[in-house]
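Dear colleague,

Please find the structure below, with a summary of the findings after it. I would be grateful if you would read the two together.

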Amino acid sequence: MKTRILIAAAALATLAACTMTQVSGPSQEISFQVAGHSAMTRANTDYKDGYSGVPFGAFAWFKGDDPADNANFMVNQQVAYESAGNRWIPSGTTYYWPKSGKLDFICYSPYTADGSAAPKPAITETGISYPAWNVEANRGVDVMYADKVSGLSGNANTYYYNGVPTLFHHALARVSFQIKAAYLEKTASTGDKTRWEITVNSIQLQGIRTTGTLALTLNTDGTWKKPDSNVWTNDGSNTSFNLDVSGLTQLTTSLQNLDSNIMVLPQALNEGQGVTLNVTIKTYRDQNDGTGEKLILTETAIDVPALLSSAALPAWGINQNITYKFILTPSTGDTDDPTVITFDPAVAGWEQVTVNTEIKL
């Protein structure tokens, strides 16, 4: 098993202190400069690559030169992509940069309207709290939160667009699966050869936690403090589900892909989360006596269970992209060294019987 899984250039209008005369530059519309954070490469990517049709929500707070002027500026404002201008702008309304003071921003994805049945994070200037989120009910939804940006006074170019720098991070974990056989034939020192054929009938994941909450608090350096365990607080709800094996061929020693990029709740894997492979194994033997290979055994629909945790992978963590490689051995023993059948002979002691009897001749 392996673990895999803005801008503050000020182009503000200015005030000239000439007698009764105001000199102003053109009003500058607020737009957003959106990027995502790849769990695979830990590099920034264009949010539009994969999320062009996914609006996000924005909160903004005005910080005046006089603190008495502080005010909410955007409250759960939907932001969407405008292809004509190749930009991300508030939907259905237009905001302009204030002439004085600064703006702070926090964004989340995907956007959820107020009053919607879907859970929406509670966002304050210092925290993001996700209410009970069920990954089964919201299958495939990539929950993300952006870094807080503070003290902005205008649009600039930091990532891929001209606007407020908005760098998203994944709040869930993502898992993918591959499978292969550890080996499919062995030739003994005696010259006889054993060969196996493995067919996968089903693969089921069990005990996967589905529902949890997450609270993020702001560090002094402006980054988000995640839980020490790097997982959500789950409520114990769990499910079992099957991976798609319809495209699998008979196993070889090369990896074949199963389901990939499944969004899962970040969770510790010490609560019995497991996997069961149901397989059929055919065993062939060539006695090296000139009679050729013969099918000697068919093990039909046998269950092969395993836990999803390991010393190297105790949890599915926030923003982690994880790939499991199922390596199936057709015989008992180590991955590359099947257990040879040997014998342990012993002789039971004689049973001593003393009988008083008469034999008449």
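**Aromatic pairs**

Tryptophan 61 counts as buried, with a relative accessibility of 7%. Its partner in a ring pair is phenylalanine 59: the ring centres are 6.4 Å apart and the planes stand at 20°, so the pair is stacked. Phenylalanine 59 is buried as well, at a relative accessible area of 8%. Please note that the model is predicted.

A second stacked pair joins phenylalanine 177 and phenylalanine 326, with 5.7 Å between the ring centres and 25° between the planes. Phenylalanine 177 belongs to strand 13 (residues 173–181) and phenylalanine 326 to strand 26 (residues 321–328), so this pair ties together parts that are 149 residues apart in sequence.

Over the whole structure, the search finds 19 aromatic pairs. Ring pairs also link a cluster made up of Phe32, Tyr47, Tyr51, Phe56, Tyr81, Trp88, Trp97, Phe105 and Phe168.

**Confidence of the model**

The chain has a mean pLDDT of 87, and 90% of its residues reach 70 or more. Among its elements, the lowest mean pLDDT, 72, is that of strand 1 (residues 32–37), while the highest, 98, is that of strand 22 (residues 267–268). Residues 1–26 stay under 50 in pLDDT, and the model has 67 contacts for them beyond four places in sequence.

**The largest pocket**

Rolling a probe the size of a water molecule over the atoms shows where empty space is left. The largest pocket holds about 660 Å³ of space. Its lining comprises 23 residues, and those nearest the centre are Thr194, Trp196, Ser331, Thr339 and Val340. At least two lining residues come from each of strand 14 (185–187), strand 15 (193–209), strand 23 (274–286) and strand 24 (293–307). Strand 24 gives the most, with five residues. In terms of class, eleven residues of this lining are nonpolar, seven are polar and five are charged.

The largest cavity has a volume of about 70 Å³. The residues around the largest cavity are Val135, Glu136, Arg139, Ile208, Arg209, Thr210, Thr239, Phe241, Ile262, Met263, Val264 and Leu265. Two or more of these lining residues are given by each of strand 15, strand 19 (238–242) and strand 21 (262–264). Strand 21 supplies the largest share, three residues. Seven residues of the lining are nonpolar, two polar and three charged.

The second largest cavity has a volume of about 50 Å³. Tyr108, Ser109, Pro110, Thr112, Pro119, Pro121, Tyr130, Trp133 and Val143 line the second largest cavity. Strand 6 (102–109) and strand 8 (127–134) each contribute at least two residues to this lining. The lining of the second largest cavity contains seven nonpolar residues, two polar residues and no charged residue.

**Backbone geometry**

Most residues other than glycine have a negative phi, and most peptide bonds are trans.

Two residues already named in the lining of the second largest cavity, Ser109 and Pro110, are joined by a cis peptide bond, with omega near -5°. Proline 110 is located in the loop between strand 6 and strand 7 (122–123).

Asparagine 230 is not a glycine, yet its phi is positive, at about 60°. This asparagine 230 is placed in the loop between strand 17 (224–225) and strand 18 (233–234). With 18% relative accessibility, asparagine 230 counts as buried.

Alanine 301 likewise has a positive phi, near 50°, in a residue other than glycine. Alanine 301 is part of strand 24, the strand that gives the most residues to the lining of the largest pocket. Its relative accessible area is 41%, so alanine 301 is partly exposed.

**A loop residue**

Finally, serine 310 is found in the loop between strand 24 and strand 25 (315–316). Serine 310 is partly exposed, at a relative accessible area of 28%.

With kind regards

Notes. Residues numbered from 1 in each chain as written. Predicted model: local features only at pLDDT ≥ 70, side-chain atom pairs only at ≥ 80, totals over all residues. Heavy atoms only, no water. 1 Å grid on protein atoms, 1.4 Å probe; cavity = no way out; pocket = protein on both sides within 12 Å on 5 of 7 lines; lining within 4 Å. Points joined across faces, edges and corners; volume = space filled by probe spheres on them. Helix = DSSP H or I, 4+ residues; strand = E, 2+ residues; numbered from the N terminus. Nonpolar A, V, L, I, M, F, W, Y, C, P; charged D, E, K, R; others polar. pLDDT = per-residue confidence, 0-100. Contact = heavy atoms within 4.5 Å. Phe/Tyr/Trp six-rings, centres within 6.5 Å; stacked < 30°, edge-to-face > 60°. Buried < 20%, exposed > 50% of the residue type's maximum accessible area, 1.4 Å probe, protein only.
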